[in-house]
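Let's take a walk through a protein model together, one step at a time. Have a look at the sequence and the 3D view below, and keep them at hand as you read.

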Amino acid sequence: MEYGRLREIAERLAEHAPDSFRGYEISGDEIVMMMSASRPHEFIALRIRQQLDRRIPPFLVAHTGGEVEDALLGKLRRPD
């Protein structure tokens with residue numbers, strides 16, 4: 001299926017997702033709906049971000065959210 005169409009379907013599904021819904025990823029012809037990470041996982045991500053903030057130049061930001069998308073490859077990822 002075309003990536004743009006998968007993205008539209010994922011957006012419509014997300015509108016009806018429960019509160020614990022975090023986002024979705026797309027890979028090939030598959031949509032993966034993701035739930036919120038556990039508290040220990042979020043705490044570890046915070047600690048790593050704090051460590052990075054102390055070591056990277058001030059014009060860079062360590063960020064624990066966001067998404068990486070390449071429509072030509074048909075992929076959308078939400079790395080953590």
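Predicted model: local features only at pLDDT ≥ 70, side-chain atom pairs only at ≥ 80, totals over all residues.

Now zoom in on one pair of strands. β3 and strand β4 (residues 75-77) are joined over three bridges, in the antiparallel sense. If you look for Glu69, you will find that its bridge partner in β4 is Leu76.

Next, let's turn to charges. Side chains of opposite charge can pair when their charged atoms come close. How many salt bridges does the structure hold? There are seven salt bridges, and we will visit some of them.

Start in helix α1 (residues 3-14), where you can find both Glu8 and Arg5, three residues apart, or about one turn of the helix. The two form a salt bridge, and their closest N and O atoms are 3.6 Å apart. Glu8 has a relative accessible area of 45%, so it is partly exposed. Arg5 is partly exposed too, because its relative accessibility is 37%.

Another salt bridge joins the side chains of Arg7 and Glu67, at 3.4 Å from N to O. Arg7 lies in helix α1 and Glu67 in the loop between α2 and β3, so this pair ties together parts that are 60 residues apart in sequence. With 34% relative accessibility, Glu67 counts as partly exposed. Arg7 and Glu67 also belong to a network of salt bridges, which links them with Glu11, Glu69 and Arg78.

Since Arg77 lies in strand β4 and Glu25 in strand β1 (residues 21-27), the pair ties together parts that are 52 residues apart in sequence. Are these two residues buried or partly exposed? Arg77 counts as partly exposed because its relative accessibility is 32%, whereas Glu25, with a relative accessible area of 17%, is buried.

Now let's look at nonpolar side chains. Phe43, Ile44, Leu46, Ile48 and Leu52 form a nonpolar patch on the surface, and together they have about 450 Å² of accessible area. One of them, Leu52, lies in helix α2 (residues 39-55). Leu52 counts as partly exposed, because its relative accessibility is 41%.

Our last stop is Asp29, in the loop between β1 and β2. Asp29 counts as exposed, because its relative accessibility is 59%. Which residues does Asp29 touch, if we leave aside its neighbours within four places in sequence? Asp29 is in contact with Met1 and Leu6. Asp29 and Ile56, on the other hand, are 27 residues apart in sequence and 37 Å apart in space, from C-alpha to C-alpha.

Terms used:
Residues numbered from 1 in each chain as written. Heavy atoms only, no water. Patch = residues over 30% accessible without salt bridge, like charges linked within 9 Å, V, L, I, M, F, W, Y side chains within 5 Å. Areas by Shrake-Rupley, 256 points an atom, 1.4 Å probe, with all protein chains shown as cover. Salt bridge = Lys/Arg side-chain N within 4 Å of Asp/Glu carboxyl O. Helix = DSSP H or I, 4+ residues; strand = E, 2+ residues; numbered from the N terminus. Buried < 20%, exposed > 50% of the residue type's maximum accessible area, 1.4 Å probe, protein only. Pairing = 2+ DSSP bridges. Contact = heavy atoms within 4.5 Å.
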